[in-house]
Amino acid sequence: MQGLVIKNTGSWYTVLTDDGRTIDSKIKGNFRLKGIRSTNPVAVGDRVSLSLTESSGNETTAFITDIEDRKNYVIRKASNLSKQSHILAANVDQVFLIVTVNYPETSTTFIDRFLASAEAYRIPVVLVFNKTDLLSPEELHYQEMMVTLYENIGYKCVQISAARLLEERGERKEERGELELLLKDKITLFSGNSGVGKSTLLNKLIPGVELRTAEISDAHNTGMHTTTFSEMLRLPFGGWAIDTPGIKGFGTFDMEPEELSGYFRDIFHFAKDCRFSNCTHTHEPGCAVLKAVEDHYIAQSRYQSYLSMLEDKDEGKYREAF
């Protein structure tokens, strides 16, 4: 029996079978012996095989016995074990990375780390700038600068107010129409820091889903976790949205230092003109990347994000994941 994993609560997996049933399943113990150094060897979006086992008392238990090869996955450093990874989702068509200039503030380092990781697995990312209606004129100007930066690099950016998305006039109606067009008939992972409005946005896009939302902490201007597990939600206009718990940091895996510049589109563009083929873009003479940073063709924030990821590798913080 085959199916699609549509929910992961940590110990149980809900599988939508090919004949339309939803079955709660467990993992066979030997899964953890297959070299998958991950806190969750099975992820939402996985295609799996199930077997049904009858136990004492005629109770039937479903076990996941096999995972089909993944076309891709989004992975991050596990929040509790720095040497393990956590797979956010598998087999996705794109990611909606929800970011906010304020309430709470999403750092450019977080954005760049996420983009580099998605680039490594060839997963398109749409940057969704939320809570536009709450921003001051100065914050709106800063957001426009961020949008210009990332659009010039080649990333699709949209600016929305999720809380007001159901308004049926003017720019809010256009926002909703643009989002639905981008999401239609695709499997989209929704991710971002806690408090940026993922659950609010999904509540607006999927009537009746009623995901929990929470106010951000006034003291620290940070979000609080409301989603505690990953789940695939069917979109009424076609496609799936994958809701994931909010994440605070984004440690990266599976990247060699010499490959890292290839996952920063703007840095990669200039790297081919460096004097040395193995240039790390940190100190070498004839480095075209350093020259581009100096001449403001590469944003300082992007270069700092690149250096912070290089530092991860130098310190050997993260083990490769499978």
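Author: The protein has eight helices and 13 strands. Keep in mind that this is a predicted model.

Reader: How much of the protein is buried?

Author: Of the 322 residues in the protein, 52% are buried.

Reader: And what share of the contacts comes from residues 24 or more positions apart?

Author: Counting contacts with a separation of 6 or more, residues 24 or more positions apart account for 64%.

Reader: Let's do rings. How many aromatic pairs are there?

Author: The structure holds six aromatic pairs. One of them is formed by Y73 and Y121, with 4.9 Å centre to centre and 40° between the planes, and it is tilted.

Reader: Why does the pair of Y73 and Y121 tie together parts that are apart in sequence?

Author: Y73 lies in strand β6 (residues 73-77) and Y121 in the loop between α1 (108-120) and β9 (125-129), so the pair ties together parts that are 48 residues apart in sequence.

Reader: Is Y73 buried or exposed? And Y121, buried or exposed?

Author: Y73 has a relative accessible area of 12%, so it is buried. Y121 counts as buried too, at 16% relative accessibility.

Reader: Which residues form one aromatic cluster with F264?

Author: Y303 and Y306 form one aromatic cluster with F264.

Reader: New topic: helices. How do α1 and α2 pack?

Author: The axes of α1 and helix α2 (residues 137-153) are 13 Å apart, and the helices pack at an angle of about 25°. That angle makes α1 roughly parallel to α2. Their crossing is right-handed.

Reader: Which residues of α1 and α2 make the contact?

Author: On α1 the contact is made by T108, I111, D112 and L115, and on α2 by Y142, M146 and Y150.

Reader: Now the backbone. Where is there a cis peptide bond?

Author: Y103 and P104 are joined by a cis peptide bond, with omega about -5°. P104 is in the loop between β8 (94-99) and α1, and Y103 lies in the loop between β8 and α1 as well.

Reader: Why point that out?

Author: Most peptide bonds are trans, and most residues other than glycine have a negative phi. Y103 has a positive phi, near 65°. At 31% relative accessibility, Y103 counts as partly exposed.

Reader: Which other residue has a positive phi?

Author: D185 has a phi near 65°, a positive value in a residue other than glycine. D185 is found in the loop between α3 (170-183) and β11 (187-191).

Reader: Is D185 buried or exposed?

Author: D185 counts as exposed, at 56% relative accessibility.

Notes. Residues numbered from 1 in each chain as written. Predicted model: local features only at pLDDT ≥ 70, side-chain atom pairs only at ≥ 80, totals over all residues. Heavy atoms only, no water. Phe/Tyr/Trp six-rings, centres within 6.5 Å; stacked < 30°, edge-to-face > 60°. Helix = DSSP H or I, 4+ residues; strand = E, 2+ residues; numbered from the N terminus. Buried < 20%, exposed > 50% of the residue type's maximum accessible area, 1.4 Å probe, protein only. Axes fitted to C-alpha atoms, helices over the stretch in contact; angles between N-to-C directions. Parallel < 35°, antiparallel > 145°, perpendicular 65-115°, else oblique. Left-handed = near helix turned anticlockwise from the far one by under 90°. Contact = heavy atoms within 4.5 Å.
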